[in-house]
Amino acid sequence: MPIHALVDLPAPAKLNLFLHVVGRRDDGYHLLQSVFVLIDWCDTLHVERRGDGRLARHDLGRALPADDLTLRAARLLQAESGTTAGADLSIDKRVPWGAGLGGGSSDAATTLLALNQLWGLHWPRARLLALAARLGADVPFFVGGRNAFVEGIGERLTPVELTPAWYAVVKPAATIATPTVFADPSLVRDTEAVILSGFFEDTGQRAESGEGRGVAVLAQGFGRNDLQPVAERHCPEVAEVRRWLESRFGNGRMTGSGSAVFARAGTADRPDATLPAQFPAPGWEGRMCRGLPEHPLVHWAG
Ligand code: C5P
């Protein structure tokens, strides 16, 4: 029996615990090393089958650009699979964009995972991952579904296990376009590459090579975000948020290409400190987030 609809599908945001630019490809894309962690700040998607083959998007929360990444993901999967079915995609957008939180990429990944079920395609994860890489550098991580050490331009994923932690995540009013940051001549592009076991605290457990899960605690504050100095120059509000978080939590670092900044806030049941009900400047938005052990839909692809 074909599935008619799938509702309340989460698309979680991510943080980059560190982000190193270790080189550049001939096509201009940057080679990265980063640990990506999923957090419980989510968009919600609903998908419904259409018999007429059309793809339509409906914005339940904030309005999205007309041809966003979810529609492009749906169109690509429809074309590559040859299905005659279409879909209505409804999106309740909660995660701010232009923030480095991966919201749009996560929506696209959830779309791929959902339509794979809705259309009865039964594509294995590896095939969805190849499609994801064509949509954007962050999309494979969300299709992979596990916190990961990410390399290449975002397509090389090594799952890692992280201690569940709290993060204060705050985005200033300003947004940042990713290409602006990557195109800046002053961007550091030659950070020395690390090896997987090199940045984890020695807790007696070591990274297993290859498939490697079973990695333990990321050393507090390891590394840096190489995109941060560039983003702070383009957008002084990023530095303002960082300094404000540092004063409250003792640490602060930008995620992705910004403009959101996060602070580690402990690993106990409750965070060590919290965000106030009101932010000090207009247009800032943020919340306390928990790191997720894995993507809620991780088992939707085999
Ligand atoms: O793939 P995505 O759409 O997220 O990337 C947006 C832009 O950011 C790219 O067009 C490219 O200019 C830049 N980028 C890069 N290296 C990466 C990821 C993105 O240069 N690894």
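Me: Which residue in β9 is the bridge partner of Met254?
Reply: Happy to start there: this is a predicted model, in which local features need pLDDT of at least 70, side-chain atom pairs count only at pLDDT 80 or more, and totals for chains, interfaces and linings use all residues. Residues are numbered from 1 along each chain as its sequence is written, and side-chain values rest on heavy atoms, without hydrogens and water. Strands β8 and β9 run antiparallel and are joined by two bridges (strands are DSSP runs of E with at least two residues, helices are runs of H or I with at least four, and both are numbered from the N terminus). In β9, Met254 has as its bridge partner Val261.

Me: What is the order of the strands in the open sheet?
Reply: Pairing in this sheet is antiparallel, where two strands pair if DSSP finds at least two bridges between them. The edges are taken by β8 (253-254) and β10 (285-290), each with a single partner strand, so one side of each is left without a neighbour in the sheet. The four strands therefore follow one another, with these two at the ends, as β8-β9-β7-β10.

Me: Over how many bridges do β7 and β10 pair?
Reply: Strand β7 covers residues 166-171 and pairs with β10 in the antiparallel sense. Within this pair, Val169 stands opposite Arg287 in β10. The number of bridges between β7 and β10 is six.

Me: And in β9, which residue is the bridge partner of Ala168?
Reply: Now we turn to the pairing of β7 with β9, which is antiparallel and runs over four bridges. There, the residue of β9 that partners Ala168 is Ala263.

Me: What angle does the direction of helix α7 make with that of β9?
Reply: Helix α7 (residues 236-249) packs on the sheet and touches β7, β8, β9 (261-264) and β10. The angle between the directions of α7 and β9 is about 15 degrees.

Me: Between which residues does the cis peptide bond lie?
Reply: Look at the hairpin of β8 and β9, which has six residues between the two strands and a positive phi of about 55 degrees at Gly256 in the turn. Ser259 also lies in the loop between β8 and β9. The cis bond has an omega of about 15 degrees, and it joins Gly258 and Ser259.

Me: What is the relative accessibility of Gln228?
Reply: Gln228 lies in helix α6 (residues 228-234). Beyond its neighbours within four places in sequence, Gln228 touches Arg242, Arg253 and Met254. Gln228 counts as buried, because its relative accessibility is 13%.

Me: What is the relative accessible area of His122?
Reply: His122 is found in the loop between α2 and α3. Although it is not a glycine, His122 has a positive phi of about 55 degrees. Asp8 in strand β1 (residues 5-24) is another non-glycine residue with a positive phi, near 55 degrees, and Asp8 counts as exposed at 54% relative accessibility. His122 is exposed too, at 68%.

Me: At what angle do the axes of α2 and α3 cross?
Reply: Helix α2 (residues 103-118) and helix α3 (residues 125-135) have axes that come within 11 Å. The contact is made by Leu112, Leu113 and Asn116 of α2 with Leu128, Leu131, Ala132 and Leu135 of α3. The two helices are therefore oblique to each other, and their axes cross at roughly 140 degrees.

Me: How far apart are the axes of α1 and α2?
Reply: Helix α1 (residues 69-81) packs against α2 at an angle of about 35 degrees. Among the residues that meet are Leu69, Ala73 and Leu77 in α1 and Ala108, Leu112 and Leu115 in α2. The distance between the axes of α1 and α2 is 8 Å.

Definitions and conventions. Axes fitted to C-alpha atoms, helices over the stretch in contact; angles between N-to-C directions. Parallel < 35°, antiparallel > 145°, perpendicular 65-115°, else oblique. Contact = heavy atoms within 4.5 Å. Buried < 20%, exposed > 50% of the residue type's maximum accessible area, 1.4 Å probe, protein only.
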